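Hi everyone, thanks for coming.

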Amino acid sequence: MTQAVLVTGGAGFLGSHLCDRLINDGHNILCLDNFFTGSKQNIEHLIGNPCFELLRHDVTFPLYVEIDQIYNLACPASPIHYQHDPVQTTKTSVHGAINMLGLAKRTKARIFQASTSEVYGDPEEHPQPESYWGKVNPIGPRSCYDEGKRCAETLFFDYHRQHDLDIKVVRIFNTYGPRMHPNDGRVVSNFIVQALRSEDITMYGNGQQTRSFCYVDDLIEGFVRMMGTEKGITGPINLGNPGEFTMLELAEKIIKLTGSKSKLIFHPLPPDDPKQRQPNISLAKNHLGWEPKVNLEDGLKETISYFKKLLNV
Ligand code: NAD
Ligand code: UDP
Ligand code: UDP
């Protein structure tokens, strides 16, 4: 059935792919964004489509619209961007969640929250199951994001318990693909852009820290499946690719796939940088019948060809 769907952060990396998918599935989309890290280019192909409407708005302010479903993605996701104005980052997560939950309460809309593996902090349990409560520094440079997202989860579950809201919370692990911001400092985009420009590859720390990278198409499939579950399946559910790689392995793969002559240059590890991260996705497998299909090499090839076009190299 066609639904009126609000996507906050809809002009961002993940939001724009989600808008594409929802339009394809026959829904009417209200794409909301303040264009802090998102861009009109990400959604320009949808402008003019009668099922797509774009609204410049900041989620920290109230919003009165009529809607059936809300995907709440608005929030800068890369450390450079979320640390640029940390107070605004916390406001976006917390006031944004309150406003979107208030909207869902009034319209009786189903509401989805893009939470994050950062709620686990620098984890002591590996891989991370949803039952793990995390190890997060409340006063460090990453806290505006980590604690903002944790508080948003708290609000989602309190609105669920107190007002019977139909909530869907997913914890997203590192995701990559076309439309990542070339300058947002995330590792996949940094390494690819540096490799394509034959610049030094900036390795933070000794490169032994690990991450697990999910290709964007796989993630969006997980979003849609989660939103389609029956009321009462609230999550939180981990969505990510369990394939775990060190940053050195990632750099080697990107150098090989781009045929680049770039060399590694080592910089200090930023404070509170998690040493390892890998999702336990048993819940997603059981509840959503979901697991990622795209391996790192294939996903990197798609992403490299996107950046080649973007950078004109
Ligand atoms: P992104 O920065 O590309 O997208 C975020 C979007 O939100 C941007 O378009 C930005 O302009 C918009 N935005 C920011 N603050 C806003 C505000 N106050 N009001 C309205 N719009 C605002 O990042 P992304 O990777 O697409 O991330 C989307 C969501 O997924 C975020 O909530 C992020 O925390 C979450 N997430 C992403 C990843 C990942 O690996 N990409 C991992 C974990 C969680
Ligand atoms: N809100 C909104 N749109 C709506 C309804 C509410 O943006 O359609 C915002 C409004 O700013 C409100 C917040 O959501 O303060 C929380 O709403 P709720 O009904 O939970 O609380 P209250 O209105 O009592 O503050
Ligand atoms: N990283 C790196 N070089 C870069 C950017 C990031 O070595 O140019 C490292 C970073 O220190 C972290 C990992 O890559 O250990 C993933 O960083 P990203 O910012 O992409 O995501 P997050 O730390 O939020 O998982």
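Let's start with Cys151, which is partly exposed, with a relative accessible area of 31%. Please keep in mind that this is a predicted model. Cys151 takes part in no disulfide, and the nearest cysteine sulfur, which belongs to Cys75, is 12 Å away. What about Cys144, is it buried or exposed? Cys144 is buried, at a relative accessible area of 9%. Cys144 is in no disulfide either: its nearest cysteine sulfur is that of Cys75, 8.3 Å away. A disulfide would need two cysteine sulfur atoms within 2.5 Å, and a search of the whole structure turns up zero disulfides.

Ligand 1 has 31 residues around it, and the closest are Leu14, Asp33, Thr37, Tyr145 and Lys149.

How many cavities of 30 Å³ or more does a search of the whole structure find? The search finds one. The space in this largest cavity is about 30 Å³, and Lys149 is one of the residues lining it, together with Asn72, Ala74, Thr92, Ser93, Ala97, Gln113 and Ala114. By class, that lining has three nonpolar, four polar and one charged residue. Helix H3, residues 86–107, and strand S5, residues 110–116, each supply at least two lining residues, and H3 gives the most, with three.

On to ligand 2. Around this ligand you will find Pro62, Leu63, Tyr64, Ile98, Asn99, Gly102, Leu103, Lys105, Arg106 and Tyr159. If you zoom in on Leu63, one of its polar backbone atoms is 2.7 Å from a nitrogen atom of ligand 2. For Arg106 look at the side chain, where an N or O atom is 2.6 Å from an oxygen atom of the ligand. Ile98 uses its backbone, with a polar atom 3.4 Å from an oxygen atom of ligand 2.

Ligand 3 is next, with 18 residues around it; the nearest are Asn190, Thr202, Arg211, Asp273 and Arg277. A polar atom in the side chain of Arg277 is 2.6 Å from an oxygen atom of ligand 3.

One last stop, the second largest pocket, with a volume of about 180 Å³. Which residues line it? They are Val119, Glu130, Tyr132, Trp133, Arg150, Glu153, Thr154, Arg171 and Pro236. This lining divides into four nonpolar, one polar and four charged residues. Helix H4, residues 143–163, makes the largest contribution to the lining, with three residues.

How values were computed: Residues numbered from 1 in each chain as written. Chains lettered and ligands numbered in written order. Predicted model: local features only at pLDDT ≥ 70, side-chain atom pairs only at ≥ 80, totals over all residues. Heavy atoms only, no water. 1 Å grid on protein atoms, 1.4 Å probe; cavity = no way out; pocket = protein on both sides within 12 Å on 5 of 7 lines; lining within 4 Å. Points joined across faces, edges and corners; volume = space filled by probe spheres on them. Helix = DSSP H or I, 4+ residues; strand = E, 2+ residues; numbered from the N terminus. Nonpolar A, V, L, I, M, F, W, Y, C, P; charged D, E, K, R; others polar. Buried < 20%, exposed > 50% of the residue type's maximum accessible area, 1.4 Å probe, protein only. Near = heavy atom within 4 Å. Polar contact = N/O pair within 3.5 Å; in protein donor to acceptor, adjacent residues only side chain to side chain.
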